[in-house]
Amino acid sequence: LLITNGNSYGSAAILDSIAWMKATAAALGRPLVSNMSFGSYFGRRDGTSNYETGMDNLAGPGVILVAAAGNGGPKAAPSYPAAYSNVIAVTAHDSGDHLYSHANHGGYIAVAAPGVDILVPILKRGHMFMSGTSMSSAYVAGIIALLLERSPNLSAERAKQILMETADDLSPPGRDDAFGALRRLVAEEPG
């Protein structure tokens, strides 16, 4: 789904689209994955934001939410919806396994995926190379879609767990606020 009126998008349109997705997943009897390659620094995570409340109400069975972690740099505030606890936040690394220099850092980031110099389609102009966490979140959403083909009842929590357990750790051992890179395609649930 493209959530826009041609000029901008808003939280109401985003929430309406996720509600549609949840209803569609229920009708199909299987979960769907959503890639959210957008973000804002105005989402709050204190339970008072209508956007946060809406995301909490829509998350759960039938919906796996993946979002770009943000391109504001290491000292940027958390980007929303990626920073919500029910969203799998994805940051970017390059082909040399180096973290994208403009990527946000933070405790909300789950994994990293290729996101630097990615060939993408451009409206009316063919293709071009782009960089950012939006490219990475699309990559991870695709992996989750493949996981759903193998395990149609996969939960968001289990999808996130699989991603984090099968990722190559490219930084000091253990979880960190920068990345734990996802470099190989996960074809099936481990053990």
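Residues are numbered from 1 along each chain as its sequence is written, and side-chain values use heavy atoms, with hydrogens and water left out. Because the model is predicted, local features need pLDDT of at least 70 and side-chain atom pairs count only at pLDDT 80 or more, while totals for chains, interfaces and linings use all residues.

**Stop 1: helix H1**

Select residues 11-28, which form helix H1. Helices (H or I, at least four residues) and strands (E, at least two) are DSSP runs, numbered from the N terminus. H1 has 18 residues and spans 25 Å from its first C-alpha to its last, close to the expected 26 Å; the expected span is 1.5 Å times one less than the number of residues.

Now colour Ile14, Leu15, Ser17, Ile18, Met21 and Ala25, the buried residues of H1. Viewed down the axis, these residues fall within an arc of 160°, so they line one face of the helix. The arc is that of the directions from the helix axis to the C-beta atoms. Buried means under 20% relative accessible area, exposed over 50%, and partly exposed in between (1.4 Å probe, protein chains only). Turn to the face away from the buried side to find the exposed residues Asp16, Ala26 and Ala27.

Show E1, H2 and E2 as well: the buried residues of H1 pack against them, where contact means heavy atoms within 4.5 Å. Then step past the end of H1 to Gly29, which has a positive phi near 75°.

**Stop 2: helix H2**

Select residues 50-58, helix H2, and pick out its buried residues Tyr51, Glu52, Gly54, Met55 and Leu58. They cover an arc of only 165° around the axis, which puts them on the same side of H2. Asn50 and Asn57 are exposed on the other side.

What do the buried residues of H2 pack against? Their partners are helix H1, strand E1 (32-36), strand E2 (63-68) and strand E3 (87-93). Just after H2, select Gly60, where phi is positive, about 120°.

**Stop 3: the salt bridges**

Side chains of opposite charge can pair when their charged atoms come close. A salt bridge here is a side-chain nitrogen of Lys or Arg within 4 Å of a carboxyl oxygen of Asp or Glu, and the count by this rule is two.

Select Glu149 and Arg30, whose closest N and O atoms are 3.6 Å apart. Glu149 lies in helix H3 (residues 133-150) and Arg30 in the loop between H1 and E1, so this pair ties together parts that are 119 residues apart in sequence. Glu149 is exposed at 57% relative accessibility, whereas Arg30 is partly exposed at 28%.

Next select Arg158 and Glu165, with their closest N and O atoms 3.9 Å apart. Glu165 is partly exposed, at 47%.

**Stop 4: the aromatic pair**

One aromatic pair is found in the whole structure. Select Tyr80 and Tyr84: their ring centres are 4.9 Å apart and their planes lie at 45°, so the pair is tilted. Rings of Phe, Tyr and Trp (its six-membered ring) pair if their centres lie within 6.5 Å; planes under 30 degrees apart count as stacked, over 60 as edge-to-face and the rest as tilted. Tyr80 is buried at 8% relative accessibility, and Tyr84 is buried at 2%.

**Stop 5: Thr133**

Finish at Thr133 in helix H3. Thr133 is buried, with 0% relative accessibility. Leaving aside neighbours within four places in sequence, Thr133 is in contact with Ala68, Ala69, Gly70, Asn71, Val90, Thr91, Ala92 and Ala103.
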